[in-house]
Structure formats: structure tokens, C-alpha cells
Number of protein chains: 4
Amino acid sequence: MYVMKNNKRKDIIMLAFACDYMEGAHEKILQRLSETNYEKAPGYGNDIYCESAKEKIRRACECPEADIYFLAGGTQTNAVVIDTMLRKYQGVVAARTGHVNVHEAGAIEYTGHKVLTVPSHEGKLMAGELEEFLRTFWNDGSHEHMVFPGMVYLSHPTEYGTLYSKEELLEIARICREFQIPLYLDGARLGYGLMSRKTDVTLPDLARICDVFYIGGTKVGALCGEAVVFTKNNTPEYFLTMVKQHGAMLAKGRLLGIQFDALFTDGLYYELGAHAIEMAERLREGLVKKGYPFFLDSPTNQQFIVLPDAEIARLQKDVYLDLWDKVDADHTVVRFATSWATAKEDVDALLGLL
Amino acid sequence: MYVMKNNKRKDIIMLAFACDYMEGAHEKILQRLSETNYEKAPGYGNDIYCESAKEKIRRACECPEADIYFLAGGTQTNAVVIDTMLRKYQGVVAARTGHVNVHEAGAIEYTGHKVLTVPSHEGKLMAGELEEFLRTFWNDGSHEHMVFPGMVYLSHPTEYGTLYSKEELLEIARICREFQIPLYLDGARLGYGLMSRKTDVTLPDLARICDVFYIGGTKVGALCGEAVVFTKNNTPEYFLTMVKQHGAMLAKGRLLGIQFDALFTDGLYYELGAHAIEMAERLREGLVKKGYPFFLDSPTNQQFIVLPDAEIARLQKDVYLDLWDKVDADHTVVRFATSWATAKEDVDALLGLL
Amino acid sequence: MYVMKNNKRKDIIMLAFACDYMEGAHEKILQRLSETNYEKAPGYGNDIYCESAKEKIRRACECPEADIYFLAGGTQTNAVVIDTMLRKYQGVVAARTGHVNVHEAGAIEYTGHKVLTVPSHEGKLMAGELEEFLRTFWNDGSHEHMVFPGMVYLSHPTEYGTLYSKEELLEIARICREFQIPLYLDGARLGYGLMSRKTDVTLPDLARICDVFYIGGTKVGALCGEAVVFTKNNTPEYFLTMVKQHGAMLAKGRLLGIQFDALFTDGLYYELGAHAIEMAERLREGLVKKGYPFFLDSPTNQQFIVLPDAEIARLQKDVYLDLWDKVDADHTVVRFATSWATAKEDVDALLGLL
Amino acid sequence: MYVMKNNKRKDIIMLAFACDYMEGAHEKILQRLSETNYEKAPGYGNDIYCESAKEKIRRACECPEADIYFLAGGTQTNAVVIDTMLRKYQGVVAARTGHVNVHEAGAIEYTGHKVLTVPSHEGKLMAGELEEFLRTFWNDGSHEHMVFPGMVYLSHPTEYGTLYSKEELLEIARICREFQIPLYLDGARLGYGLMSRKTDVTLPDLARICDVFYIGGTKVGALCGEAVVFTKNNTPEYFLTMVKQHGAMLAKGRLLGIQFDALFTDGLYYELGAHAIEMAERLREGLVKKGYPFFLDSPTNQQFIVLPDAEIARLQKDVYLDLWDKVDADHTVVRFATSWATAKEDVDALLGLL
């Protein structure tokens, strides 16, 4: 059920595959919020729910020394993590299509740091090109007049739904170590990456490979919230003060703690990821069967197909769609996103309309 | 019930008057979150709940032209509003004790703007001293080498629980108009100010008097959320882009819209404010009766008394307290905060312990 | 005469073509500094020399309404002009190779603004690609989540010594007007551009075409100093306060005023430009005669040729060189820069060594 | 000779005691600029004159391990040093009247850091109040929500011409060490402080006591330039990259190196300081004799006296004055500054007019 505002204030109900943050939260989260509602807890994340959630995430990561913090959203998390880990003369290296480079309204530059870019290959950066970029910088005779690459940023799944293999991540991490800069992974849709049928990367792998990463909650069943995991005893000093300085500290930190506690109880986070993947595969198979051309091959919850503009116009009467790029004068890439909340009936209805 | 972590993981239940953000949310909010949970809504605040909440707030403010935005927390709201309304060469004028000057980890300066201070009188700035400050600046021959006062910041209630009278606000607003700078009011605890028995200031008054203010949700019954109200068709251009740039835009904007929609349905916001005031008055009367000396006279939900350190030590076995300033070697100011969720039984139990 | 430090503190004298800022200042500048030295003048640019220099530049620009400011260096000027002209949600569009994008240590990002890039063609951006970039931005459904292009930055001559034609500049200016953003031209080496034998662009042309540009002094005969020219009554409000805020205001503003007054007296600025061009042409002809391959075709004072690394090693015994990029395993691009101070004998000596 | 602009472009010659940066540079500086003018030197401070000047300053400081950098002006130096030495969550502690807090147009806040203030006593901060401020911060239970004091800033001479005694500096340094934060001294007018007849503080003392300080050139005989001295092997990593990022790196670094080389040859810096002090003492004695009331007792080149506004009006016909603060309705504090360039005849002429 998609509820839209229109001029007549009559709510219109439609199919909706525009993104993976259209519903509220998984009901177990709502239930826990309700059950704990009248308990009094100290503010700013110093409550027993945050503590419990952190412990469960440490176990899920097989990383007992992990230092974990909860923030409210993805852009905020990227800005806080990148700004607090970089020295003032450093920037962050990302694929040109990286979220931090394109769709965060300059939030990284707002903190004073440049986003340095390497080419994007369906959303991914290539280890070889990264290494070449870093080596070229250090070999440049005037590199002291340039922004120092101080961190590598990956999104996984990427903005195009693609995934790094474990081997690719290991190679990128090796390069980061060689150049002594941290590897940071943006896991806004991590649940959908971890449960992809095509991945060989697990949560403990990420904890071993990355210096810091975040486990996305907003797009994977929470009302809001991302869990930042520092894996190498490398939390920036007085991190919470800088979180506050960024305006990113919630007074009622329990709101985030309770949600992640629920997500990491009895494997809920994985279950939600698996459901979205199942729905995406169902959609994908239907699309393949119908012969639609795919823009690229995504193993996660976002599927990108090329549609004639006329068909798009027709579909939009019944479906809330996310138009991606124009391919040519008459065709556009459309993104269909499934989520933890996607109903099988909706997938079938969509396939019926196509 | 105050739930605390301790080393043995046994939860300890105590009385708690440390602050007004220790519980979750009013149950009507939780109920609405639950009822609307599976409706699909567009992101970033473009949903029907945000729209509905805005309309209700406009009506409550008697300000049909008000432009309203929802943000997650107080420091974030202050940083976003102040940064987006100031020119680059301007700073914000606040009482020395203003939240933006003391307890936001430099969030305003982080945006590049200075907090200019005038004396604090139990948390309030005085119109006369403000005017003198502004006049002195403009008369200073070298004022082009100084930070220009570009906005006035008030908190209401202040950090000390005190309130401006309508006359005081009108006089401050007159000065702001004379010097052509906006008046911004931080209403983190606004509900408790509006329902004070000693106030003559209403929400429509604030909408008329202030150029921008925010209605605090976090401390008045919401899980999180503050409603920024631009009252004079004066929203900064591309405000939402700058909200995103600050990392302050929630993907699921509905979380804020639904909460404020509930708070402004059937007067819930006022009801919650009134309850906290009733509890504060009950506490206050008990304290007066017992002869405790008050640090200052607060007409809102925060009561400040001076206690001997020995009594504090004794109390802390049973009560979670917020210690304010040391008064002398043996005495400390203690803040008792009531809230929308404070139980009469807890007030009585506290009075019993004192 | 190139004076170098070495471990034994014996000064070594060499040929030097590494850059165009290796000498002090033209002697007429030194003479004027000396003549005016004991006159007492008010600080911060409020002196008669600044006033006189501004008037001469206005006349040279045929732009009586021009508003002119003197700053100390190029990166500083770029940061101040770009930061003060952009709104907080905007970035500056530059060719990927633009100085602001590569060699200013992130000075623009440090002010909170992103450098948005379009492809570089021998240092220049192409009007068509710029227009496409701007159009794509405004057509993007999620452009409010992106950095707004708020200004176009050109360098002229570019970092590769190339020049825009008047037609190219007019077309770029037309696009800027269409998208309502200012056109800014970095003229760090403007004197060498204006006196190129291949240019059809004059100083009055620039004043008509650009919204703001700067006339480089540091690389064209001054000790330091750049003259920023706002041509359209468009100086940002309280610009000098923001100059001070950037740490860019010299107490003894006369140092800059006197220098630009001298440079714009009796056509000195053009004379210095012409000399460097004459020397560059002499060098260029010699290089062509000797059959050296040029990396690109530069009509200004910087000449880029491809040399075998072995020859470079040999040359470096006698010549202070600026190595540019590696072309392949055995070849490197070398930049030879002439300047207002280059001696004909040195050019001939260099050609003799090659 | 004071040269003023007026509407008729006729230069008016007046006495001038408004500040200590009204002339160009000492003639030995001009002479050295001239002598070295055609030597080719590498840019950005990598020249033999910078090297030589640094070595001379190290010797004058009796601090062979000192790391020295040259910047162009005072506000720039303060912003660069403070920003590069502070962590992101820290601010700098200064007396309320400190230059960084009042007259730098918010340059420190522009870098994201708060100026934390302690009371000013004729421009000086008191060790006891500093210690109390720091102790209170660390004892505050919510200090992680506050700006951390990360450095102490002193000006010496202060903005009121006053000086710290060696004992006072040692005590402040002791407190800094106790709280593990660096002590930074702004020596914009250091030459006039070092040569005061009332001081017991030498340059080697400052090198021992301070973690970083700067030796002012602009106000003590140079065209521009300040020499930053890091005394404890504590230069921030990649300091020059951050200097560039601040737009504070001069291409022709020699301009600064040559000037400081001249200032620290044969004691010129001290000689210039001594001259200004001699002139200030002559002025002071004359003022005392005439019975003028002093606003405060300054042992350096700035003398502050209280004058009736009528007398000021009369004086301004012949003298360029710097009006400080209003004392009452009819009286104003006037600052008379002498400098390295003040002529004895001018002092006598001024005294004759008073």
C-alpha cells in the first residue's frame, strides 16, 4: 500500500518499488519500543539497550574488541566517520559514483575534506586503479600541495546493487595497509549484501577486513539508525564529543539501541535481508522471463532494467517508480528496489503489469 | 522505574529525576507509528504525515504561512538553523549560559560561526544589554574586523528553567528588527514553557514575535524530533539541501511527521506539558514545605535546589540525580526535572526520601 | 643565476626554467616601494597607493564600475573569491585539471565547498560539456540531494599554458548566464595570456565577459599579490570582513597597492608579459628546430616537451627543471617556464645544452 | 609624514600615531630585497634566505631544535597555528580581550574551533583563573558535551600594551603542562615587548617556556611576515600542506625569508624594538608631565590616555589618531603607538600640540 499525497487529500494506493525505505520498522522493533517504553534510561546512548545491542553486534561480527556507536542516518554516519578519522590535510578516496561523492549534498566537503575519486565500475572501485592512484600521489613531486588520500571509502552493496568479492576486499585492504590508511565500508544496505546468493562475504569477514564499517538499519528494517563498528581499537579519541559537534547525538539513544538490539536478536537482521533478496530474485526471474534488458547485473535487492519511456509512463499510473538515468532519447533505466517489507503479492502484481 | 547497567548485569530500579528524556514516547505516538507502519511513503519528509503535522502546527501557531521542517534533535536543529540563516561573516548572539554556547560541543563554531555572548541572568539575556551590545558593535570603528551579530538566540524555557515574559520577548524582537537581524528561539522544552502557570506567552505569540523557533519534541513526549517553524516567509533558499549537507535529513521522514502529527492532535502536546508542570509544582511545594533553599525560582519543569553534599550522597543510593554546580565546599545545586512521563507516586517517593 | 641550498652551504649557480616565480620583483616595483617607504599610510588597503592602483586597473579594464581588491597569493584568492561568492549549498565547476581541483591542498573544500569537475582538454573545459553538466544537474530528480553548481572556474592561461579564445569565453559566459551562476577566471599568469601572439582576448574583454577574475601579480613581476576584479557591481557584502576571516588581509595593504600601481603604470604589466612570451617563442623555435616532441601546443610562457629520462638526468646537472608527468617508462614531460625576468642568454644556453 | 586620501586627491601631511604599521619596511630590508632580487630561488620557502633566517632565529632563541615557518600576517598565523595544533573537538583558551576573540572577524571559528574565554586584566589572563577554568572543565560531569580546552593563547605584548612577567609565563606554562595542552604566544609586537624597560622576559625564555610562538615582523619593521617558532619538536604533521590549505603559502617565500634574515642580522630586530620603546618613553614622560591621565600603565610602544572629546576633535585636525573606548560621555581613550619608524621630532610635535 503506497500512500501518496495529492491535491484533493484523497490517499491513493499504489504499488511501490521506488526504494527500500518506504515502510516503518519491522514489528519486532515496534514491539520492543513499546515494551521498554516506560523504563527510565540515561541519555546519549548510555543505556542498557545500546549496551546489549553492541554486545550482540560484537558477537555477530566475531570481533569482541569492536567499538560500536549508533547514529541516525547514512549521510550523517559517513560525514562523522570520515571527518573524525581523517587528518585535516587528508581526503577520502571513493569511486566516482560513491554516495559520498554524489548524493550527500557535499556533506563531506562541508566538513572540510575533499572526496578524491577513482573510476567506478558498476559502482565498484578496482583495486588496481586504487593502488595506481595512491602510488601516483606519493610519487608526485608536489604532493605536499595536494590533498592526501587518507582513507578509502567503499559502499557494499554499491549504489548500483553490486558487491565486492572477499578477494577484492582483501586486495583493497592490503593496499590500504600498504599506504597506511584505513578502509571504511558504507553498509547502508549491508543486510541485502550479506544475504545475496552471490556473495562470499560475511559479517565477520568485514570486521576482519575493514578498519571501520557501518551496518545499515534505516534501509533494513529500522525506523532509523546505523551501527558504526570500529574493528581495530581505532575509535577516534573523544569520538562522542565530535558526534555531538556534528549534531548527530540523539538524547534518547535508546531509540537506536533498542532497534539494533531487536535486529541482532535471533538473526532478525539476516532474516530481513534474506526476504528482500528472495523478492528481488523472484522479480528478477520474472523480468528475465519477460525479456527485459538489464542495465547491469545486480545480486542484491536493487534491480536495474531499461524500459521504453512509453512503458514507464503507462506503469506510473499504478506503480511508484524510481527513474535512474536516461539511456537514450526513448529509454530510461528504472530501479526496482525490494526490501524487508516487500510482499510477494506486490512482486507478482508488478510482473503482471509489465 | 529507572533501569541502570551495572557490572553484574543486574538491572537496578531507582527513582530518577535527572532529566526529561529518560522514557520513550507517549503511547499515542507509539500507537500511530504502529498503525501506519506498513503504509508505503516517500522518503525525506515528503509523506502525508509530515504534511498533516505541518498543517496542524500551522493552525496551532495561527500562522498559515509558516514553513515547517522536522529535524531529529536539539543541537542539530540549532546548528542547521543558525548556520543556514547566518551570512558567512556573522555570528549568533546568545546569553553566556545559552545551550549553543556551552553544551553543544562547539557545534555552532564547527559550522564556522562564532557565538557572541551577552550576560546571562538566570539563563536569560536582557533586552537592554543586548541593545547595548549591538549598538557598541555598529559604533565600533573597526567593526569590519569583527564578527557581525547576525541573529539573536534565546532558549525558552532557558537552561535554568526560566521564562521570558511576552513583554520581554516583544522588546527583544523590536531590537532585532531595529538591527535587522532575525530572532531565533530554541524551544527544546517549549511545551513546559507554554504550560507554565507563570507564563503569558502562547504558541501564536511566538509565531508572531520570532522569525524562527523550534518546538521541542524529544523532551516533550517524542522519541526524537524537533519542529522548526519559519514564520515570516524566510526559509533559507534550498534549506533541505543544507539539512542534507549537515547530515540531518532522515530517510524515513515519516518517523518525525507521525510523531508531531500525534503531538498536535487533540492538544496532546499541551497535555504533556501540563502534566510535567503539575508534577513540578507538586515537587516544588513539597520542597518549599521541607524548607529546602532554591537556587533560583523556576516556573517550569526543572527545579534547582541547593543540597548538602552529604545528603546528595545518601540520596544517590535511591535516586538518579543530576548534579549542577558546586555552590561551596559542602553544597551543590541539584536539578530535579519532571516530564510528561513523571508519576505522581515518584514525586511523592522522592519527597519522602528528602 | 639560480641559487640553491646544498649540504655544504656552497651556493650553486645553474640555469633555471622550473617556474615563473623564481626572482623577486621588477625593479620599478622595488623602486616605488623604496620611494614611498617612509610615508605613513593607513592600514588594510585604505591607502592612496591601493586607490591609485585600483583606478589604473579600472581604466585598463575599461570598466569604471569595477570593484577591486588586492590579495597576497593565488590559492588564497581562489579560496576567498569562491567561498564568498558561493551559497553554502553550492560548489564550483572546474576542469578536472584546474588548479583549485588539484594543487591547492583542498583549500576550496576547506571552506566547505565541493569542486565539481568536467573533463579537461589540455587544461580547458569545453562549453558543450559544461552545458551538459549543468543541464543534467537541473534535470536530475534528486538534485536537491546534490551539490549545486554555483560558479564556473576557468584558469587562463590554464595550468597547461593553453588559452581560451574570445568565442569560447563568450559561449561559456552565455551558459553561465543561462544557469544564473557567475563566471570566475583565475588569471595567475594573465599577463602571459594577454600578450600571447595567439590570443584574441584583451583585458577589457575579460572585464566584459567575466563576473569576477583576478590579475596575477606574483607570477608576473610582483613580490606577491593578485588583483581581484568584480566587474558587475557584484562584490559580496562585507567582502573585506570575510577576507580578514580567511586570514587574507595584509595590515600593510600598501605593499600590494604600490606593486599593482607600478605594474599598471606605463603598461609595465603588458611589457613584462610580452618579454616572457618573446623568450618562450625563442625557446619554442629552438626546440622545434632540434626536433623535440611537444606534449601539447602552448601559446604562452610555459612550454611542455617530452624528454627521454636519460637526457633529463644529464640536463639536471646544469638546469633546475620541473618534471611534469611520466609519459612512458623512459620518457617524461618537462615544463620550461619563462618569465618577465628570463634572460635571452639563459634561453640560448639552455638550447645549447639540449 | 602621513599621506591621506581626500576627495580632492590632494595629499595631506599630518602627524600620525594611530598604529605601528603605517610605514613600509626598515631600509636594510629593502636593500636586501634589492640585492637578492635577480637571484633565482625555488618557491614556497625552500630558498637559502628562509634557511638562513631560520638559522639566525634558532640562534637568537637559543633553541637549535626549533622548527620555524614564515607566514604573511598575524590573523593568518593565529588561524593556521591554532587550527593545525588543535584536535577537532578542542578550542583555544584566551583572555576575553585577546585578538583572536575580538578583532579577527571570527577567523578562528571559521576553522571550526571555539575561542574559550577567561577574564582579561588589562589584556592579560591570570594563571589562577586559567587553572580554575581548566579544572572546572575537567570536573564537569558533562564535559564530553563541551568544547575541550586544547591550547592556551597569550598575546605578549597584549592588545593593551601590557606584558607578562617571566614568573607569570612560567606559572601559565606549568598549568598548560599539567593539563597537557600547548602554550601559544602571539608576538605580533614581540620586539616592543622584548625591549621594554620593564620586562624580564627574553627571546630564549619564550623558546623555553612556550610550545609555539610567533615573532612579529609586520609591526616591527617588515613589509609583512611573522615567524612561527615550534620549540618542542612539535610541528604538526604536514604543516606546510595545511598552510597551503589555508591559502597562507606564498609562492615567493623568499619575500619573508629575506626580511627575517635582515631583521635577525646584527640585532636589527632588537634595535627597532628599542627605538620604538625610546620614543614611547619620551612620549609617556611628556604626557605625565602635562598631567594627562593614563587609561592603564603600558610598558611598551602603545600608550593609552584619556582625553576630553573636545581636545580629540581639536587634535584630529593635525594628528591621525586611534580612538579606543569611550570612558564616559565626554572622554575617550586614545591610543598613541610608536614604532621602529617614529621620529623624535614627531613625538615632540605631538607633545607640543597636546
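Residues are numbered from 1 along each chain as its sequence is written, and chains are lettered from A in the order in which they are written. Because the model is predicted, local features need pLDDT of at least 70 and side-chain atom pairs count only at pLDDT 80 or more, while totals for chains, interfaces and linings use all residues; side-chain values use heavy atoms, with hydrogens and water left out.

The contact between chain B and chain A (heavy atoms within 4.5 Å) takes 57 residues from each of the two chains. About 5400 Å² is buried between chain B and chain A, with 57% of it on carbon and sulfur atoms, where buried area is the accessible area (1.4 Å probe) that two parts lose on being put together, summed over both. Of the area that chain B buries against chain A, 17% is supplied by K40(B), Y110(B) and K252(B), more than by any other three residues. K40(B) also forms a salt bridge with E23(A), in which the closest N and O atoms are 2.5 Å apart; the term denotes a side-chain nitrogen of Lys or Arg within 4 Å of a carboxyl oxygen of Asp or Glu. Two salt bridges are counted between chain B and chain A.

Chain D and chain B each give 18 residues to their contact, and the area buried between chain D and chain B is about 1400 Å², of which carbon and sulfur atoms give 50%. H103(D), E109(D) and K114(D) supply 34% of the area that chain D buries against chain B, more than any other three residues. Two salt bridges are found across the interface of chain D and chain B, and in one of them the side chains of K114(B) and E109(D) meet at 2.5 Å, N to O.

Chain D can be laid on chain B with an RMSD of 0.0 Å by a turn of 180 degrees and a shift of 0.0 Å along the axis, the superposition being by least squares on the C-alpha atoms of residues with pLDDT of at least 70 in both. This is the relation of a two-fold axis. Since 100% of the interface residues of chain D are also interface residues in chain B, the copies meet through the same surface.

Over all chains, the structure holds zero disulfides (pairs of cysteine sulfur atoms within 2.5 Å). The sulfur of C61(B) lies 6.4 Å from the closest cysteine sulfur, in C63(B), which is too far for a bond.
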